[in-house]
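I open this notebook to record what I looked up in the structure shown below. The entries follow the order in which I took up each topic.

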Amino acid sequence: MKTLFLTPDDPRWEQALARFEHDMYHLPAYVAFAARHEQGTAGAILVENRSPVLLLPVLLRSLPETLAAPTTWCDATTPYGYPAPLLAPRATADDAKEALEACLQQLVAMDVVTLFLRLHPLLDFPRGALDAFGAIVDHGRTVTVPLDREEAGLMQGLRSNHRRDVRKLGRRGFRTILDDWRYEESFRDLYQATMTRVGAGDYYYFDDAYFRGLRTALGQTLHLAAVLAANDEVAAAGMFTRHQGIIEYHIGGTAEAYLSAAPSKRMFYDLMCWGAAQGDRWLHLGGGVGGHEDSLFRFKQGFSQTTRPFATVRIVCHADRYQWLLEQRESLTSEKAATGFFPGYRQPLSAIREGGSHED
């Protein structure tokens, strides 16, 4: 098999994607955007056997300077979201294993110490092949709405309280406006206020540069939905992506004054109808906070009982170097990395002091 490392401006990346079922997370423009936001170098590993067999988007990251590792060493992760490895449609589990082996050999040659993969709940990859190279960690379920039905079927598929509230919101004059970017600033303010209200981590406080960069990178793949109340105030809003028949809920929020009305129910239902009318296959709502089946997960389940597992994979490419880095970190902190954090040499000292078990 032939293995290539592609940069986002390499036309072979887009050409290869045409051979795979994929999502917007695999687009070179998105990976390049994620690299700027997540402080890495964007690329993709392409494995070919006459034709493309496997494509894996990655971010290459320099190692923490405090570890005093050789400057050529790095590690790799898939960008935020669900940019799973892609496998050719007719490839077998054995093909997947052989292609992964070639992919990892390429990473080893590039001095990549570890690889952290995020899988895609809707795009299957043989778990047996992944399990041969690393540890698969299940993080819970995500909620997906099948869109292969008429509007009446979509409404009937809602949980009874969601169905009642969606209809009530319509009678009260709430309506969803799609892709009117005059509401973008209102969305940003509403989103930031929502993150503060729910006590979100620092990562989720995106600045204006993030939103500008996301829109520039994704163009017409990115959609803004704003739910207006009868008085034309923005009651809720969200950003969604649409690519290859998959609509992904990215981020959103609700104005505090309208929390009791739950206007986001109207937004999600209207996005369901919009996607179904265009012949899309799925609206993927994601899961609960940190993969837990919490109140957010149960809220999303009100739109669909169809769930898919979300998992990550932890692969050590250079075992001896990984152990050396763990020892370097331990010599600096006098404490071992907690089990459950990967790669262990990146675990902040505060995470150990707080007794946390965090993941990349």
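**Entry 1: two crossing helices.** The axes of helix α6 (residues 160-171) and helix α9 (residues 264-277) cross at roughly 95 degrees and come within 9 Å. Axes here are lines fitted to C-alpha atoms over the stretch in contact, with angles from 0 to 180 degrees between N-to-C directions. Helices (H or I, at least four residues) and strands (E, at least two) are DSSP runs numbered from the N terminus. I noted that Lys265, Arg266 and Tyr269 in α9 meet residues of α6 including Asn161, Asp165 and Leu169; contact means heavy atoms within 4.5 Å.

**Entry 2: basis of the model.** The model is predicted, local features need pLDDT of at least 70, side-chain atom pairs count only at pLDDT 80 or more, and totals for chains, interfaces and linings use all residues. Residues are numbered from 1 along each chain as its sequence is written, and side-chain values use heavy atoms, leaving out hydrogens and water.

**Entry 3: strand β9.** Is β9 enclosed or open? I found it largely enclosed by the rest of the structure, because 7 of its 7 residues are buried. Buried means under 20% relative accessible area, exposed over 50% and partly exposed in between (1.4 Å probe, protein chains only). In a regular strand the side chains alternate between the two faces of the sheet. On one side of β9 I listed Leu222, Leu224, Ala226 and Leu228, and on the other His223, Ala225 and Val227.

I then checked the neighbours of β9; strands pair if DSSP finds at least two bridges between them. Strand β8 (residues 175-178) runs antiparallel to β9 with 4 bridges, and isoleucine 177 stands opposite alanine 226. The pairing of β9 with β10 is also antiparallel, over 7 bridges; there, leucine 222 has threonine 241 as its bridge partner. The hairpin of these two strands has 5 residues between them, and aspartate 232 takes a positive phi near 75 degrees.

**Entry 4: helix α7.** The buried residues of α7 include Phe187, Leu190 and Tyr191. Among the elements covering them I noted α8 (208-218) and β9 (222-228).

**Entry 5: cysteines.** I found 0 disulfides, defined as pairs of cysteine sulfur atoms within 2.5 Å. The sulfur of cysteine 103 lies 8.3 Å from its closest cysteine sulfur, that of cysteine 317, which is too far for a bond. Cysteine 103 is buried at 0% relative accessible area.
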